[in-house]
Amino acid sequence: MKCNRCGSTMAYEQFFGSQEHLGGWRCIFCGEIVDDVILENRE
Ligand SMILES: [Zn+2]
């Protein structure tokens, strides 16, 4: 997975909320976050 903003490597992380947890990609360079909801909306 490459960052759309800077092209660096993105690391997969899980974000835990109060009622649900989501997976998402975070860029290790610029901090850009792409989560599953964003990916679905881009389809
Ligand atoms: Zn980036």
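## Confidence in the model

The mean pLDDT of the chain is 86, and 100% of its residues reach 70 or more; the structure described here is a predicted model. Compared element by element, strand β2 has the highest mean pLDDT, at 87, while helix α1, which covers residues 36–41, has the lowest, at 75. Where pLDDT is low, the predicted coordinates should not be read in detail.

## Overall architecture

The C-alpha trace spans about 30 × 25 × 10 Å along its principal axes.

Of the 43 residues in the chain, 7% are buried. When contacts are taken between residues at least 6 apart in sequence, 20% of them join residues that are at least 24 apart.

## The three-stranded sheet

The three strands form an open sheet in the order β1-β2-β3, and their pairing is antiparallel. Strands β1 (10–16) and β3 (33–35) stand at the edges with a single partner strand each, so one side of each is left without a neighbour in the sheet. From one strand to the next, the twist averages 30°.

Strands β1 and β2 run antiparallel and are joined by seven bridges, and together they make a hairpin in which four residues lie between the two strands. Two of the pairings can be named: Phe 15 has Leu 22 as its bridge partner in β2, and Phe 16 has His 21 as its bridge partner in β2.

## Glu 13 in strand β1

Glu 13 has its place in strand β1. The residue is exposed, because 12 other C-beta atoms lie within 10 Å and a residue with 12 or fewer is classed as exposed. Once its neighbours within four places in sequence are left aside, Glu 13 is in contact with Gly 24 and Arg 26. The C-alpha atoms of Glu 13 and Asp 36 are separated by 11 Å, although the two residues are 23 residues apart along the chain.

## Leu 22 in strand β2

Leu 22 belongs to strand β2, where it is the bridge partner of Phe 15. With 12 C-beta neighbours inside 10 Å, Leu 22 counts as exposed. Setting aside residues up to four places away in sequence, Leu 22 touches Phe 15, Asp 35 and Asp 36. For Leu 22 and Asp 36, which are 14 residues apart along the chain, the separation between C-alpha atoms is 7.1 Å.

Not counting residues up to four places away in sequence, Asp 35 touches Leu 22 and Gly 24. Asp 35 and Lys 2, by comparison, are 33 residues apart in sequence, and their C-alpha atoms are 13 Å apart in space.

Key. Residues are numbered from 1 along each chain as its sequence is written. This is a predicted model: local features need pLDDT of at least 70, side-chain atom pairs count only at pLDDT 80 or more; totals for chains, interfaces and linings use all residues. Two strands pair if DSSP finds at least two bridges between them. Axes are lines fitted to C-alpha atoms, for helices over the stretch in contact, and angles run from 0 to 180 degrees between N-to-C directions. A residue is buried if 20 or more other C-beta atoms lie within 10 Å of its own, exposed if 12 or fewer, and partly exposed in between; C-beta atoms are placed from the backbone. Two residues are in contact if their C-beta atoms, placed from the backbone, lie within 7 Å. pLDDT is the predictor's confidence in each residue, from 0 to 100.
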